[in-house]
Amino acid sequence: MSENRYGQFDRQRIQENRSKAQTAQRPAGYARAVEKPPVKAPAPIAKAEPKENIKKPVNKRPPVQNAKKKKKRAKKKKKALRLFIVLVVLAAIAFFAWKFLPALLQGTGANVKPTPTPYSYTSTSGEPNIFMELVNAEPTDQPPEDEGNSIQVTDLSVTEGLNETWMNILLLGTDSRILHEPARTDTMIICSINKVTGNVKLVSIMRDTDVSFEGHKSTRINNAFFYGGANLAMKVVNETFGMNIQHYVYVDFSGFAKIAEAIGGVDMQITENEMKHINHNVMEQYHLLIKQGKMEYDAAEAEYYKTLLQTYTTDGTPVHLNGMQTLGYARIRKLDSDYGRTERQRKVLNALMSKLQNASITELTNMAVRNASYYSTNLSLVQMLDLAQVVLGRTNFAQAESMYLPVQGSYKEEVRNNDARLYDVDKEKNKAALYNFIYK
């Protein structure tokens, strides 16, 4: 039979086949089943050709993975380009702010105070105006401002059993330039006064001495005043050197210069190098007064040149120093070292005591009251006047004995972690040395 295009048998053939089937005699039962035509075996399946003989179609398009990689690379390049552009823009803004913004603010800001016009001073020798030079204050490593006076002290760690005939007072001089401002102490001196004989002994404490106190395992001793004021400074000195200090006198740079000027200055033998350093320090001090608004530029410059030191000791004749120059002398450090500075500070104290030797009780009282704003102390006025009378009333008035702490051989002067200090201080050795110096 044939099939048409729709897959159906022809109707004519179907009818013929039906007629033949009706006329043919059909065997019954088993015979009909036996005469069934044999089932044809399925045609053998043709073996597939080996895979290596099959030609694979050539794909002219690039693999999908390569396309993805290219897209990723393109994205990375775009990101890098954007980042580069942002950095260039930020750098340009920073350069503009650094270069032009201060000038714009100075020129347009309504609240910005204009820089005063420098005083047109010309020296008689025709030398350039050195007062116009920019002077930078001595670099400091002062702790963060928000930690100032952060430690409260209730116990001064007083060493019991020391001879009460001697009163030990801690003299503190700070580089704060402002009274009562948290700052490091540029000067720490133990002033020991015998209340019977009036003898005085001065002991300078090196400001780079490494110590420890509450919250600070290792720091300079001159930071104690910054963290806890005079009380912490006394406590640390008592613990480190076995003292019984309970009184202090504190003065800042400006106050010291005023007090020295009120006393009348001092007469000192100075070298040529010391003269140059004094002039430099005085110029720096005047610039600080200008920045603080305490002095006009013209007045400061004129005063500086009026008192500019131009002489030094050559034949043993001392040179007179006014208040600012006395402070400039006491602050000299870069000429030699901190050891040299502490020695000059003790010389200044001796010179000031000598100037007050013939002062009456009335003069001393007036001086203490008139200069009260320049210093701070927990000594009463009566105590100060009593001590002054005993010290200045000595018949055999002489220079105070002096020494410094820590003593030689009791520490290691080293640089650790880029920080130069006097490390590993032998406390017991220094306690013994200080006790023998004061009490024996």
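Predicted model: local features only at pLDDT ≥ 70, side-chain atom pairs only at ≥ 80, totals over all residues.
Residues are numbered from 1 along each chain as its sequence is written, and side-chain values use heavy atoms, with hydrogens and water left out.

Helices (H or I, at least four residues) and strands (E, at least two) are DSSP runs, numbered from the N terminus, and two strands pair if DSSP finds at least two bridges between them. Strand β2 covers residues 185-194. On the one hand, β2 is joined to strand β1 (residues 166-174) by nine bridges, and the two run antiparallel; Gly173 has Thr187 in β2 as its bridge partner. On the other hand, β2 pairs with strand β3 (residues 200-205) over five bridges, again in the antiparallel sense. Burial is expressed through relative accessible area: buried means under 20%, exposed over 50%, and partly exposed in between (1.4 Å probe, protein chains only).

Strand β4 (residues 210-213) and strand β5 (residues 216-220) are antiparallel and pair over three bridges.

Two surface patches were identified. Patches are made of residues with over 30% relative accessible area and no salt bridge, with like charges joined within 9 Å and nonpolar side chains (Val, Leu, Ile, Met, Phe, Trp, Tyr) within 5 Å. Accessible areas come from the Shrake-Rupley method with a 1.4 Å probe, and for residues only the protein chains shown count as cover. For charge, Lys and Arg count as positive and Asp and Glu as negative, while His and the chain ends are not counted; the place of a charge is taken as NZ of Lys, CZ of Arg, CG of Asp or CD of Glu. The positive patch includes Lys69, Lys70, Arg73 and Arg82. Lys70 lies in helix α3 (residues 64-108) and is exposed, with a relative accessible area of 60%. The nonpolar patch, of about 960 Å², includes Leu81, Phe84, Val89 and Ile93. Val89 is also found in helix α3, and its relative accessible area of 44% makes it partly exposed.

The structure holds 14 salt bridges, each defined as a side-chain nitrogen of Lys or Arg within 4 Å of a carboxyl oxygen of Asp or Glu. Arg333 forms a salt bridge with Asp208, with the closest N and O atoms 3.4 Å apart. Arg333 lies in the loop between α8 (323-330) and α9 (338-355) and Asp208 in the loop between β3 and β4, so the pair ties together parts that are 125 residues apart in sequence. Arg333 is partly exposed at 22% relative accessibility, whereas Asp208 is buried at 17%. Both residues belong to a network of salt bridges that also links Asp210, Arg220, Asp419 and Arg421.

The side chains of Glu274 and Arg344 likewise meet in a salt bridge (3.5 Å, N to O). Since Glu274 lies in helix α6 (residues 272-291) and Arg344 in helix α9, this pair ties together parts that are 70 residues apart in sequence. Glu274 and Arg344 are both buried. In contrast, Lys235 and Glu239 both lie in helix α4 (residues 224-241), four residues apart, about one turn of the helix; the closest N and O atoms of their salt bridge are 3.4 Å apart.

The backbone was examined last. Most residues other than glycine have a negative phi, and most peptide bonds are trans. A cis peptide bond joins Leu405 and Pro406, with omega of about -5 degrees; Pro406 is placed in the loop between β10 (401-405) and β11. Ser157, which is not a glycine, has a positive phi of about 55 degrees. This residue lies in the loop between α3 and β1 and is buried, with a relative accessible area of 18%. Asp424 also has a positive phi, near 50 degrees. Asp424 is located in the loop between β12 (419-423) and α12 (427-439) and is partly exposed, at 43% relative accessible area.
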